[in-house]
Amino acid sequence: MIGANLLGPEPTLLAPETEVAAALAEGVSAEQLVRSFPESPLAWAELADEADAAGREIEAYAFARVGYHRGLDRLRKSGWRGAGPVPWSHEPNRGVLRALYALRRAAATIGETEEVERLTDFLDGADPEAIAAIEAA
């Protein structure tokens, strides 16, 4: 591939969160999802999305911040070293990317401009298509 950094890190591909996905498919509430799977960035992203949709800006920010940290934990446990691709196309990565996006959105809502810029760079570095894919979902 022309222009690709062939010496860069391999993409991080997270393991599936099968129990979380099953609970979501069964219609478990976002709050119950977090109570059952507090380590899941996907669960926290769901809760942040719910709070955002209800106009609870500070709660959305707090929930997204927890999801962000849980996402970093999952990435690091999978060998991620602070940079490199985290492709949206790999379904299990989507919880982490959604948590990052939720924090970016919440930071924008409360006027935390530098955090929005940092998270935009983070998401673009993880997968340049992630923001558009999340907004289209």
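Which residues in H5 meet which residues in H6? In this predicted model, where local features need pLDDT of at least 70, side-chain atom pairs count only at pLDDT 80 or more, and totals for chains, interfaces and linings use all residues. Residues are numbered from 1 along each chain as its sequence is written, and side-chain values use heavy atoms, with hydrogens and water left out.

The residues that meet, with contact meaning heavy atoms within 4.5 Å, are listed by helix, a helix being a DSSP run of H or I with at least four residues, numbered from the N terminus.

| Helix | Residues in the contact |
|---|---|
| H5 | Leu97, Leu100, Tyr101, Leu103, Arg104, Ala107, Ala108 |
| H6 | Glu115, Val116, Leu119, Thr120, Phe122, Leu123, Ala126 |

This contact of H5 with H6 is made up of eleven nonpolar residues, one polar and two charged; Ala, Val, Leu, Ile, Met, Phe, Trp, Tyr, Cys and Pro count as nonpolar, Asp, Glu, Lys and Arg as charged, and the others, Gly among them, as polar.

The axes of H5 and H6, which spans residues 113–126, lie 9 Å apart at an angle of about 155°; axes are lines fitted to C-alpha atoms over the stretch in contact, and angles run from 0 to 180 degrees between N-to-C directions. The two helices H5 and H6 are therefore roughly antiparallel, a term for angles over 145 degrees.

H5 also supplies five residues, the largest share, to the lining of the largest pocket. A pocket is an open set of points on a 1 Å grid over the protein atoms alone, where a 1.4 Å probe fits, with protein on both sides within 12 Å along at least five of seven lines, and lining residues have an atom within 4 Å of a point. The lining holds ten nonpolar, two polar and seven charged residues.

Key: Parallel < 35°, antiparallel > 145°, perpendicular 65-115°, else oblique.
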